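Colleague: I'm new to this one and would like a close look at a single part. Could you take me through the main nonpolar core and whatever packs around it?

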Amino acid sequence: MIQVTIPVSNSILTSLNMEADEFSFSMRKEFALKSFRDGKLTLAQGADFCGMSIYDFISFTSQANIPIIDYNIEDVDRELAQLNDYS
């Protein structure tokens with residue numbers, strides 16, 4: 001595992017009213033959320049990155065109004081056509 005260090009001044013933490021570990025967790029959650037939304041991480045990867053269960057990460061994405069299933073109309077039409085082919 002690679003560890004990444006990001007320097008943050010005490011004044012930033014004071015302004016945010018956060019401890020270093022709270023700031024780190026918050027940054028991890030926001031990065032995982034953005035990466036999941038952008039399709040760069042799966043649900044499981046996002047949850048793992050945050051140290052959350054997949055169920056907690058699903059709840060977190062829901063609170064941020066990010067769907068866990070992102071179908072566009074073309075995807076739905078294609079799947080319906082495939083289902084009709086099997087009928």
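Modeller: The largest nonpolar core has ten residues: Ala32, Leu33, Phe36, Leu43, Ala47, Cys50, Met52, Phe57, Phe60 and Ile66. Helix 2, helix 3 and helix 4 are the elements that give two or more residues to this core. Keep in mind that you're looking at a predicted model. As for the general idea, nonpolar side chains tend to be buried together in soluble globular proteins.

Let's start with how the helices sit against each other. Two packed helices are described by the angle between their axes and the distance between the axes. Helix 2 covers residues 20-37 and helix 3 covers residues 43-50; their axes come within 9 Å and cross at roughly 170°. An angle over 145 degrees counts as roughly antiparallel, so that's what helix 2 and helix 3 are to each other. On the helix 2 side, the contact is made by Phe25, Arg28, Lys29, Phe31, Ala32 and Phe36, while helix 3 brings Leu43, Gly46, Phe49 and Cys50. Sorted by class, that contact has seven nonpolar, one polar and two charged residues.

Leaving aside residues up to four places away in sequence, Phe60 touches Lys29, Glu30, Leu33 and Met52. Glu30, which is found in helix 2, is partly exposed, with a relative accessible area of 45%. Glu30 and Asn65 are 35 residues apart in sequence, and their C-alpha atoms are 13 Å apart in space.

While you're looking at charged residues, check out the salt bridges, of which the structure holds two. Side chains of opposite charge can pair when their charged atoms come close. Asp38 pairs with Lys34, with 2.5 Å between the closest N and O atoms, and Asp38 also meets Arg37 at 3.5 Å, N to O. Through these shared partners, Lys34, Arg37 and Asp38 are joined into one network. Asp38 counts as partly exposed at 35% relative accessibility, and Lys34 is partly exposed too, at 41%.

Note on methods: Residues are numbered from 1 along each chain as its sequence is written. This is a predicted model: local features need pLDDT of at least 70, side-chain atom pairs count only at pLDDT 80 or more; totals for chains, interfaces and linings use all residues. Side-chain values use heavy atoms; hydrogens and water are left out. Axes are lines fitted to C-alpha atoms, for helices over the stretch in contact, and angles run from 0 to 180 degrees between N-to-C directions. Helices (H or I, at least four residues) and strands (E, at least two) are DSSP runs, numbered from the N terminus. Angles under 35 degrees count as roughly parallel, over 145 as roughly antiparallel, 65 to 115 as roughly perpendicular and the rest as oblique. Contact means heavy atoms within 4.5 Å. Ala, Val, Leu, Ile, Met, Phe, Trp, Tyr, Cys and Pro count as nonpolar, Asp, Glu, Lys and Arg as charged, and the others, Gly among them, as polar. Buried means under 20% relative accessible area, exposed over 50%, partly exposed in between (1.4 Å probe, protein chains only). A nonpolar core is a set of buried Ala, Val, Leu, Ile, Met, Phe, Trp, Tyr and Cys residues joined through side-chain atoms within 4.5 Å. A salt bridge is a side-chain nitrogen of Lys or Arg within 4 Å of a carboxyl oxygen of Asp or Glu.
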